Amino acid sequence: MSPVLRLEGLHKSFDNLEVLKGIDLEVARGEVVVLLGASGSGKSTMLRCINFMEMPTAGRIHFDGDLVGRERNGRVQYKEEELTRLRARVGMVFQQFNLFPHMTALQNVMEGPRTVLRCDARECQRRGETYLNKVGLGWKANDYPARLSGGQQQRVAIARALAMEPEIMLFDEATSALDPELVGEVLETMKGLAEEGKTMLIVTHELGFAYTVADRVLFLSEGRILEQGTPSEVLTYPKQQGTKNFLRGHGTFRLPEPQID
Amino acid sequence: MDYRWDFSAVLVNRALLLEGLQNTLILGTTCLALGLFFGLFVGAARYSANRWLHDPASVFVEVFRNTPVLVQIMWFFFAFPIIAPFQINAFTAATLGLTLNTVAFSSEIYRAGLQSIARGQWEAGKALGMTYWQQMRRVILPQAIRRMLPAFMNRAVELFKMTSLASVIAYGELMHKAKVISTIAFNPIEMYTAVALIFFAILFPATVLVRRFETSRNVRS
Ligand SMILES: Nc1ncnc2c1ncn2[C@@H]1O[C@H](COP(=O)(O)OP(=O)(O)OP(=O)(O)O)[C@@H](O)[C@H]1O
Ligand SMILES: [Mg+2]
């Protein structure tokens, strides 16, 4: 079976700044991949190239074994219609939630099926309720985002992406904008999806979460994947100096296991 | 002051005045509807990063913002027919002038409204797989229009006042009817007083409504 996603020599530059310098990656169906890297290393840029929120400068992106765009004289050319259709197959969750404030939680979740997939009213309703229940917020269906906590808003945003029944979910620091006490509920929701077998590509600074949930961890540095492997290989026994420095930075202040009974 | 006010000619000619008022409303409503509709596209072009859209739209807006409406109406009535290969009556000329003027001003309101919506809203729509116009229609405009409403209502009030300028090219709106009647009845004082009162009676409640709407919005946010 072909991988859900395959990146081949992905490059991305902004003017003179080369952010991604050739990324090769395959994500298998049901796989959970966590992407780590220092601030500014290009994690967001990489995710945003995958669903063409940013246009790659060079390289190829394959979905389900099919090349996105058409190759001519060694360059890939893209048509906007194809990219629009492709984005519908990729779910994205943002750091800032970006819920639609003029719609209720339920309407937010129904919006993709309604406007993009043109599902009939019954199917929209079904998906809306199903996915809102999945993130545990069926009881908030008629509330507007302004009345929800940050954690609840992010869970609605996850439901909104899930309602498209995408083949892969991209998470860009989904918990970084949350108060510490709200992080847990969002991570729990994501863990639930991982256990259900959703294919996920996650950018996060929550190393404990990465360790528990990831099938594979990538470390991005200077526009390349410096190191990758199982959580234990990368997080516990890193080989590259860059990875070691990054992990040391994250472990500067560490709690001993809290004694709670 | 021993002027004796005599409104009898106003009353006698009320059918004519009413017809004028009707024409005023037709002209105002037509220009408002067309102006707001096309203003969206010009506003979107002004908002766009594409200079082939942005630059022509900007030229258009600046021309209409920086010339008097009266001149625009006169120009469309007297000068435009010379370069355009068709006849233009007073209504068409007035409609062209006032509509394009409304397009220019409302496009600025749209642009400011669009700019007030966070980028993340566009991105969320795009990431779901929406086309540009779906993002605009489903996500951006419903939010932006709420913020733009007071400015649009002010613009509508301005527009209805400007319709009186169409009297200079003899379009039969309220002001022109008043002018015609007053030259026959020799009562310009009462006639124009009546016209002022009619405009006031219509526009004052509208502005009160706008103000009430603005304050209720400020209280909520
Ligand atoms: N639209 C853009 N235009 C110009 N430069 C950009 C743009 N987006 C990102 N960059 C630059 O690309 C580099 C990588 O940014 P990116 O946001 O991908 O990093 P990141 O790994 O997600 O960082 P963080 O952990 O802070 O979110 C940065 O130097 C950033 O300034
Ligand atoms: Mg980032």
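**Contacts and burial in a predicted model**

Modeller: In this predicted model, a polar side-chain atom of A:Thr45 lies 2.5 Å from an oxygen atom of ligand 1.

Biologist: What makes that pair a polar contact?

Modeller: The cut-off for a pair of N or O atoms is 3.5 Å. The A:Thr45 pair is at 2.5 Å, so it counts as a polar contact.

Biologist: Which atoms of A:Gly40 and A:Lys43 lie 2.8 Å from an oxygen atom of ligand 1?

Modeller: For A:Gly40 it is a polar backbone atom. For A:Lys43 it is an N or O atom in the side chain. Both pairs are within 3.5 Å, so they are polar contacts too.

Biologist: How much of ligand 1 does the protein cover?

Modeller: On its own, ligand 1 has 640 Å² of accessible area, and the protein covers 59% of that.

Biologist: Which elements give two or more residues to the shell around ligand 1?

Modeller: In chain A, they are β2 (17-27) and α1 (43-50). The largest share, three residues, comes from α1(A).

Biologist: How many residues surround ligand 1, and of what classes?

Modeller: There are 13, with A:Ser39 and A:Ser44 among the closest. Four are nonpolar, seven polar and two charged.

Biologist: Why is A:Cys49 called buried?

Modeller: Its relative accessible area is 0%. Buried means under 20%, so A:Cys49 is buried. B:Cys31, also at 0%, counts as buried because of that cut-off.

Biologist: How many disulfides does the structure hold?

Modeller: Over all chains, zero.

Technical notes. Residues numbered from 1 in each chain as written. Chains lettered and ligands numbered in written order. Predicted model: local features only at pLDDT ≥ 70, side-chain atom pairs only at ≥ 80, totals over all residues. Heavy atoms only, no water. Disulfide = S-S within 2.5 Å. Buried < 20%, exposed > 50% of the residue type's maximum accessible area, 1.4 Å probe, protein only. Near = heavy atom within 4 Å. Polar contact = N/O pair within 3.5 Å; in protein donor to acceptor, adjacent residues only side chain to side chain. Areas by Shrake-Rupley, 256 points an atom, 1.4 Å probe, with all protein chains shown as cover. Helix = DSSP H or I, 4+ residues; strand = E, 2+ residues; numbered from the N terminus. Nonpolar A, V, L, I, M, F, W, Y, C, P; charged D, E, K, R; others polar.
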